[in-house]
Amino acid sequence: MVTVSPTRAGADGTAGPAGGAGRATPGGPAAEPGGGWTRLLRLVPVPLALITMIALAGVVLGRVYAGPLLTRLVVGAAVGSVLVSVAARRLPSWLVAPVSVAALAGWMALSLRLAAGHAGLPGGLAEVTADAARNAIPRLLTAMIPVEPAPDTVLVPLVAAWLAGLTATEVALRTGRVLLGYLPPVLLYAGALYVVGPNADPAIGPTVLFAAVAAAGLAVPSGPGAPTSADPAAGLAPAVRAAVRLRLLAASAAGVAVVVALAALLAPVVAGQVDDRPVDPRRYVEPPQVESLDENPLIRISGWALNPDQKLLEVRTEQATAQQGGNRIRLAVLSDYDGVTWRVGATYRNAGRILPATTPAPDATTDTVRQEITVADLTGRLLPAVPTPREVTGARVAYDPATGTLIRPEGLTPGLRYTVTSVRERPDVNLLATANVPAGDAVARVLRVPDGAPEQLRRLATQLAEENGAPYARATAIQDFLAEHYRVTADAPSGHAYPNLAFFLFGPRNGGGQRGTSEQFAAAFAVLGRLAGLPTRVVVGFTPKGDGPVPAADALAWPEVLFDGVGWVPFDPMPRPDEEPRPVEEDFRPPPDDPPPSQVPEPTVEPTATPPAAAAPGPAAQRGPGTPLLVGGGTLGLALLVGLVLLTLAALRRNLTRDRMQQGDPGRRIAGAWRELTDALRLAGAPVGDDLAAAEVATRARRTLAEARVAVDTAGIPAEPPDAGLDELAGMLNQVAFAPGMATPAQADRATTLAGDYVSALRAARPWWRRLLWTVHPGPLRWRR
């Protein structure tokens, strides 16, 4: 049996013996067999379920990452965050968050070091961490699929996973509200699904397992105080038991009806979305853009030609499985022409060290080239590389798979050194004579001829096409015509608009026509080729003579033609140095058509000058909200989530106070008022033990209030001491403990008034920031009642 001392009262308002509240005597009930193991087993299900749910979010997100590193790091964050909270469950709640954040910092340092080593990024841990913190969200949403695990692409998932584990464990274990504790893992899992979008197969298996684990965590009793009886009305009087069971039955029926109604309403909507393509959040984020200087690098050719000795690069070939000479280094691919300028028009995505592989043509031969390139005076963002790059180390890059070109989003700087490994493709030249060219929407971009083409260009293209039927013969005829009739000069004016090309092709020699740089030769070939039905593009790059410096004289533009089954084939329309060009009139006699002087642009004098105006925003600027809007929306969402949690805690605290002081018989209300007082002392940092008598607790409460008043300004505290009735409240508590049923409603009202006044006074005597935390502190919700 349980013995009760007439002079002791526990801090929770229940009577207890002198040595502690509610302790069992040797004659009482026996201890639970294997109590330690039973308590341990009851603590395991919920933490294990939380770990599994967070880990499954990492599994879902890891499907768009290259390799298993991201999934392993998220699993580690799940295990670490939950276990730290479990291990610190006996610490004060305010101390758990700093301990967990310290553990998070250690895990993040290890994870970022592993990710940096995996991605081959240079720099120390502090530099890598700072860069990842600044650019994590935009780089994650603009990264190429599959995403390579790098510090900036793993930072956000790891922090989100750790915070979800910390929040879920605190809510589920400390307050005992497991279902509410599931909210952070559910939000994390939904976020992972949203980020993946349409870039992976539906996550049916992980989702089913997620739901099963959540259900199992709710079904298994957790906590040492888990009830062993399935009947919540057991032990009540028959009339009360019947009423309770009736209310439970009605509540259960209403819950089932709500679930069935929601299922009936939402099932058709959900079923209709099954076959829909998920929204890709990447379409709302603008990928890295290039400046106008890089969007049309063809205009830089004339400037480089005027400064042939300017050192742009330095190249050292480390490996080449084929002949090392003649490694053309590609800077940019220009596929779009509007009649005025050729433009890159690429969509660059942040990429890791390993770039996506492309399938070579069936009969093409490939060889591997690895070069170490050091930037000298080359400016802009375009990153030179032998086509087609497969691996880049030493520089963070963005990549356009359609053209195989690279940029460095931060821009090129003198002294930048990187190593690029490329797979160079050599087509089978024996197939070119009979190869056809593709047609249709897939190549409409490289077949498009803008309106306004001069009639002379159309007549020349028609003449060359009629004399040569096969596509390769047409391309060769255009190449030979340009090489045989025109002259290369370094001081030729820059420009490749329709008027510039017409003057280059048909202008009088003595007036500056029929001469140009590789800019005009490549642009003229590409436009004539499209007029003749060939899919063409212009490439800007360099033709180094070997290892060593790459001067501006090695800069070159050349055209390429796309053939079925062969791929892009480069052509060389440049004239031979030892051949004198023939007059155009010998093979083509158009009527004279000198362009107006206003259409002949001035020569470019400064080769590295920054363009005077930025490029006009293209369609990409209208795709949707940019990164600042998404980041702001994410911050607002996080603030709303935190506010919702705080409002929920405040509401639960108010409900607890109302239940204690207004519900039940007078004795229960008096005991509830006493619990409000002891909880206030605990919130004020002066908890009382179970071994203190009610009068001793009242004395401790008066001393605590006096000390708090000394520490702060007492303005606003009631003039009548709120601690004057504490002895009276202690006496009423003893009356309830040892004379059950004798308390009156008037005494209960008096007890709640005394306790409320004391709690308000003690709270008012606290610092302002503690007063703010007072109403949302989760402690009273989980402390023993």
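How exposed is Glu 391? With a relative accessible area of 26%, Glu 391 is partly exposed (buried is under 20%, exposed over 50% and partly exposed in between, with a 1.4 Å probe and protein chains only). The views below come from a predicted model, where local features need pLDDT of at least 70, side-chain atom pairs count only at pLDDT 80 or more, and totals for chains, interfaces and linings use all residues. Residues are numbered from 1 along each chain as its sequence is written, and side-chain values use heavy atoms, leaving out hydrogens and water.

**View 1. Glu 391 and Arg 353 meet in a salt bridge.** Their N to O distance is 3.1 Å (a salt bridge is a side-chain nitrogen of Lys or Arg within 4 Å of a carboxyl oxygen of Asp or Glu). Glu 391 lies in strand β8 and Arg 353 in the loop between β5 and β6, so the pair ties together parts 38 residues apart in sequence (strands are DSSP runs of E, at least two residues, and helices runs of H or I, at least four, numbered from the N terminus).

**View 2. Arg 426 pairs with Asp 367 in a salt bridge of 3.5 Å, N to O.** This pair links strand β11 with strand β6, 59 residues apart. Arg 426 is partly exposed at 35% relative accessibility, while Asp 367 is buried at 6%.

**View 3. Glu 676 forms a salt bridge with Arg 660.** The closest N and O atoms are 3.0 Å apart. Here you can find Glu 676 in helix α18 and Arg 660 in helix α17. Glu 676 is buried at 12% relative accessibility, and Arg 660 is buried at 8%.
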